[in-house]
Amino acid sequence: MHPYVPILVLVALATAFAVGSVIMSSLVGPRRRNRAKLDAYECGIDPTPQPLGGGRFPVKYYVIAMLFILFDVEIIFLVPWAVHFDAMGTFGLVEMVLFVGTVFVAYAYVWRRGGLEWD
């Protein structure tokens with residue numbers, strides 16, 4: 001248990017800081033509320049009315065989010081490869097070229113199918 005004490009202390013300090021910040025902002029912050037501050041803000045445009053149930057989002061939003069996650073996860077695999085590039089040699093280079101090629105094929109497929117079009 002001794003090696004984990006610094007980690008536990010760090011987690012406790014981070015939690016205390018987060019909770020303390022929220023509590024202090026509610027105690028010290030201004031309490032002037034009005035209708036304009038409580039309304040949703042959409043880039044200066046009056047917000048569009050929503051049904052009482054919250055309304056439905058088009059599936060396109062979820063597809064864009066999943067594509068972002070898919071292509072963003074690529075970075076997770078690129079960083080360790082870049083750090084240990086010298087140690088892996090030619091094998092690491094060939095494997096990364098195959099990986100990036102596979103991701104590029106997926107990107108080209110999504111692009112051709114119109115998955116990146118916002119309209």
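Mentor: A residue is termed buried under 20% relative accessible area, exposed over 50%, and partly exposed in between, using a 1.4 Å probe and protein chains only. The model is predicted, so local features need pLDDT of at least 70 and side-chain atom pairs count only at pLDDT 80 or more, while totals for chains, interfaces and linings use all residues. Numbering starts from 1 along each chain as its sequence is written, and side-chain values use heavy atoms, without hydrogens and water.

The protein has 4 helices and 0 strands, where helices (H or I, at least four residues) and strands (E, at least two) are DSSP runs numbered from the N terminus. Rings of Phe, Tyr and Trp (its six-membered ring) pair if their centres lie within 6.5 Å; planes under 30 degrees apart count as stacked, over 60 as edge-to-face and the rest as tilted. By this rule there are 4 aromatic pairs. Phe 71 and Tyr 107 are edge-to-face, because their ring centres are 5.6 Å apart and their planes stand at 85°. This pair links distant parts of the chain, with Phe 71 in helix H3 (residues 59-83) and Tyr 107 in helix H4 (residues 85-113), 36 residues apart. Phe 71 has a relative accessible area of 19% and is therefore buried, whereas Tyr 107, at 31%, is partly exposed.

Phe 77 and Phe 99 also form an edge-to-face pair, with 5.6 Å between centres and 65° between planes. Phe 77 lies in helix H3 and Phe 99 in helix H4, 22 residues apart. Phe 77 is partly exposed at 47% relative accessibility, and Phe 99 is partly exposed at 26%. Finally, ring pairs join Phe 71, Tyr 107 and Trp 111 into a cluster.
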